[in-house]
Amino acid sequence: MGMKRGTTLAAAAIVVVLAATACGPAEDKAADTTKPVGAAAAAQDYGKAPAAADNAYGSDGAAPAADAAGGAAAAGASNAKPAGQLAVAQNDKLGPVLTDSAGLTLYRFDKDTAKPPKSNCDGDCEKTWPVVAAGDAIAAAGIDPAVLGEVVRSDGSKQLTVGGWPAYRYSKDAKAGDVNGQGVGGVWFALAADGKKAAKAAAPAAPAAPAAPAAPAAPPAGGAEAGGAAEAAPGLSVAKDAKLGDHIVDGKGMTVYRFKKDTAWPMASNCTGDCVAKWPVVPPVDKANAKGIVEKGYSVLDRPDGMKQQAIDCWPVYTFTGDKKPGDINGQGVGGTWYAVSPDGKLITVQ
């Protein structure tokens, strides 16, 4: 089945409608609109020193390997190969993964955009991550043909898009079923059939064991009768710091942060893989258990990795593993992209 030019617009519209149900366009004057390149960009993303960071497109610096199952190591977009008959393959770790007619995994790049579709992988990047040419992709069973589209690249060639996201292969995937590109540089991820990042559905939680009867509470000092159960500590609250002023902390008193590379429209986290290990997500907190937080845009983000993350003013929030005790603000200003959060969800950018 051939693709129609209108499918790109249809896919983009779907993304807009879904995002609009949670959060509308956000105005955050402190948001970063510049995009550094090279090692400096990766250093800003995760707060690493440039020498230790991956390059901008997530390559490990090795020369691209030849692709034995379909010529994935193309020299550039001019040699790009189409996808042919798409399929959905089951992967033990990732769940359903989109593949081309040769069974090779298709990927998406966090530095690209889906609205509007745009590829930011050129030059050496596309040698490691060969583009998938548009033209003859056929939707697999169960895939809505409307999610398939195309984008015109900077060299004039046309690239397949899935859900608005430009599609690529990985030069180090040598055979069908390989997913060696998953998580490379924290910015490359296998595609699901709808254009989202492939993520295995979480297993249902086991039924909780019956709770043991609670021991009677000790009476307060002086032997007086207890006047009632103590109020639980809030899941989120506001603390005051001499440097930051009022800022949000979690239930343990640990400072809460925002990542300037995230977006509120659509609401999305760009902190994945090693980044999340360093900047753990704040799990959902009921509004009734959040004290002093402005409730506008107080919502929950369903992440591609299956975790759920609290968002304030539609911005995902995190803690920092470098903070060891309540009151620490070691994450403030890291990489020029991580900042504490005010009660209304705005960045606190003082250094």
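The predicted model has a mean pLDDT of 77, and 68% of its residues reach 70 or more. Here pLDDT is the predictor's confidence in each residue, from 0 to 100. Local features need pLDDT of at least 70, side-chain atom pairs count only at pLDDT 80 or more, and totals for chains, interfaces and linings use all residues. Residues are numbered from 1 along each chain as its sequence is written, and side-chain values use heavy atoms, with hydrogens and water left out.

**Confidence along the chain**

Among the elements, helix H2 (residues 38–46) has the lowest mean pLDDT, 39. Strand S10 (residues 165–166) has the highest, 98. Helices (H or I, at least four residues) and strands (E, at least two) are DSSP runs, numbered from the N terminus. A contact means heavy atoms within 4.5 Å.

| Stretch | pLDDT | Contacts in the model |
|---|---|---|
| Residues 4–22 | below 50 | 23, beyond near neighbours in sequence |
| Residues 59–76 | under 50 | 37, beyond four places in sequence |

Where pLDDT is low, the predicted coordinates should not be read in detail.

**Sheet S17-S18-S19**

Three strands make an open sheet, ordered S17-S18-S19, with antiparallel pairing. Strand S17 (299–302) and strand S19 (315–316) are at the edges; each has a single partner strand, so one side of each lacks a neighbour in the sheet. Two strands pair if DSSP finds at least two bridges between them. S18 and S19 run antiparallel and are joined by two bridges. Ala311 sits opposite Pro316 in S19.

**Gln309**

Gln309 lies in strand S18 (residues 308–312). Is Gln309 buried or exposed? Gln309 is buried, at a relative accessible area of 0%. Buried means under 20% relative accessible area, exposed over 50%, and partly exposed in between (1.4 Å probe, protein chains only). Leaving aside neighbours within four places in sequence, Gln309 has contacts including Ser269, Val281, Pro284, Leu301 and Tyr318.

**Sheet S14-S20-S21**

Another open sheet has three strands in the order S14-S20-S21, paired antiparallel. At its edges stand strand S14 (257–259) and strand S21 (347–348); each has a single partner strand, so one side of each is left without a neighbour in the sheet. Two bridges link strand S20 (residues 338–341) to S21, and these strands run antiparallel. Val341 faces Leu347 in S21.
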